[in-house]
Amino acid sequence: MSVSMLELKNMCKYFSRVVANDRVCLEIFPGEIHALLGENGSGKTTLMNCVYGLYTQDEGKIIWQGKELKNNNILTAIEKGIGMVHQHFMLVQNLTVLENIILGLPSGKGPFLDRKNAAKKVREVLQTYNLKIDLDAKISDMPVGLQQWVEIIKVLCLNTKLLILDEPTASLTPEDIKELFKFLKEFTSKGNSVILITHKLEEVLRVSDRVTVLRDGKLIKTQDTKDVDKQTLAGLMVGRDIRIAEKKEFNHTDEVILEVKGLEAPKNNGTKALKGISFTVKAGEVLGIAGVAGNGQTELAEVLCGLRNAAGGSVHLKARDITNYSPRQLTELNIAHIPEDRHHTGLILEFSIKENAMIGLYYRSPYSTGVKINHKYISNHTEQLVKEYSIKTPDIDTQIRLLSGGNQQKLILARELSKNPDLIILSHPTRGLDIGAAEFVRQQILKQRERGTAVIYISGEIEEIFNISDKVAVFFEGQIVGIKSVKDIDQKTVGLMMAGSYNSNETSTHSSSSFLKQKKGASRV
């Protein structure tokens with residue numbers, strides 16, 4: 001290989017008592033796709049945030065094209081040609097594609113917008129990489145797959161030479177992922193480089209040239225991708241054997257735990273999010289709900305958990321009408337909820353682990369007696385959850401924001417499952433989790449299934465849906481376009497249905513609408 005584009009020497013970053021990066025060394029060469037692999041909390045994103053200038057390393061050096069970057073910050077990184085697309089998009093929803101891109105571009109007219117030249121620059125980038133996108137479309141009207149492209153185009157317009165992507169496929173369909181990887185190959189063929197932060201082993205093997213594995217903030221190994229396999233990478237990443245829980249034969253009873261009939265609900269903007277949804281979930285059954293983000297799954301979970309009112313239809317729990325019950329009422333009926341956004345809905349980030357463990361439970365006995373909180377019981381209970389769910393933390397008084405995403409998710413899971421629920425609603429419970437943490441979540445859900453709990457499992461990951469579910473319901477534009485046993489449908493068909501490009505009168509046994517027709521531009525750039 002040629003002289004490195006980027007070299008990191010003995011990089012260290014500390015957050016209080018937490019060592020995020022511990023003397024990490026890394027080299028990135030022109031024209032390569034370099035995968036940065038590791039468990040949650042291994043230091044991948046922190047390391048790249050230092051490269052991009054969001055953080056300043058406490059020790060170590062950043063060498064860019066042979067010269068040390070001193071006092072690195074975001075502006076310096078951008079000027080040098082370093083661009084980063086974060087896991088959580090940074091787009092203004094009520095602005096157009098072009099307006100969002102202009103926000104990051106220097107203007108030739110001082111404090112005034114240079115819309116004409118900005119549009120010209122964007123179109124040149126689109127032509128260079130053979131990309132197509134409606135520059136006048138509002139971000140709020142676009143599917144997640146296209147929003148991902150807007151973020152990438154924003155970075156490309158800044159003459160980026162090194163593109164850092166943090167978990168870029170978390171919310172994409174298989175077709176979207178295929179298009180993204182095709183672009184990455186085209187981008188690196190021009191001498192540019194890509195750092196792909198991920199925990200998905202299949203993607204590493206599929207698209208990268210080399211892979212670096214981090215564990216507990218330390219560099220474990222850098223190797224050519226062609227010389228490793230999935231099992232080797234998993235071992236390097238977690239440092240232990242991952243035991244895959246076996247999904248036993250479908251063994252539900254005939255008792256219907258949840259029945260949803262003709263459910264309708266609005267989006268925040270008043271348009272319909274759910275359009276006559278109907279399904280049932282029995283005791284000991286896992287219903288997987290597949291779909292690209294933005295097709296009604298989030299609103300369904302919110303209605304079932306009391307966070308959004310239904311506009312029509314009904315929801316029954318064990319034959320009891322619970323439509324539009326409050327969250328507390330539903331909690332007291334033994335419904336557990338693992339939310340989609342753990343930071344905004346599942347946790348209070350400034351609270352300690354102990355305080356977060358009692359959210360939604362604090363007013364009940366034995367957590368409190370009258371108006372008095374039973375701190376001793378709560379501490380003992382939290383210590384037990386930390387031990388049982390292998391939550392890595394210095395102590396239970398540590399702020400939850402200092403934990404990795406995987407450990408934060410484990411706490412939410414521990415809190416909710418400790419209620420011994422009759423119904424669990426999980427929204428993207430493994431999003432952003434590494435293979436070890438994701439398998440732990442799966443094991444806990446299968447244990448609940450065995451004890452007769454009804455489970456609704458919402459995810460955009462098709463393989464994950466098939467690995468845990470008994471039935472799968474596919475959502476598209478607020479409707480269920482098919483419900484089938486996972487034995488009677490394949491992953492490719494589900495992927496096509498999610499993207500809005502499957503048309504078959506034989507797929508659904510319980511559909512609330514006619515089947516899909518190809519929606520022009522639904523998920524293509």
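Predicted model: local features only at pLDDT ≥ 70, side-chain atom pairs only at ≥ 80, totals over all residues.

I started with cysteine 12: buried or exposed? Cysteine 12 counts as buried, at 1% relative accessibility (buried means under 20% relative accessible area, exposed over 50%, partly exposed in between, with a 1.4 Å probe and protein chains only). Cysteine 305 counts as buried too, at 7%.

Residues are numbered from 1 along each chain as its sequence is written, and side-chain values use heavy atoms, with hydrogens and water left out.

Next I looked for disulfides (pairs of cysteine sulfur atoms within 2.5 Å) and found zero. Cysteine 12 is in none, and its nearest cysteine sulfur, on cysteine 25, sits 9.1 Å away.

Then I searched for salt bridges (a side-chain nitrogen of Lys or Arg within 4 Å of a carboxyl oxygen of Asp or Glu) and got 22 in the whole structure. One of them joins glutamate 99 to arginine 115, with the closest N and O atoms 3.9 Å apart. Glutamate 99 is partly exposed at 26%, and arginine 115 is partly exposed at 39%.

I also checked lysine 471 and glutamate 285, whose side chains meet in a salt bridge at 3.6 Å, N to O. That pair links distant parts of the chain, 186 residues apart. Glutamate 285 is buried, at 2% relative accessibility.

Lysine 226 is exposed at 69%, while aspartate 227 is partly exposed at 47%.

Definitions and conventions: Helix = DSSP H or I, 4+ residues; strand = E, 2+ residues; numbered from the N terminus.
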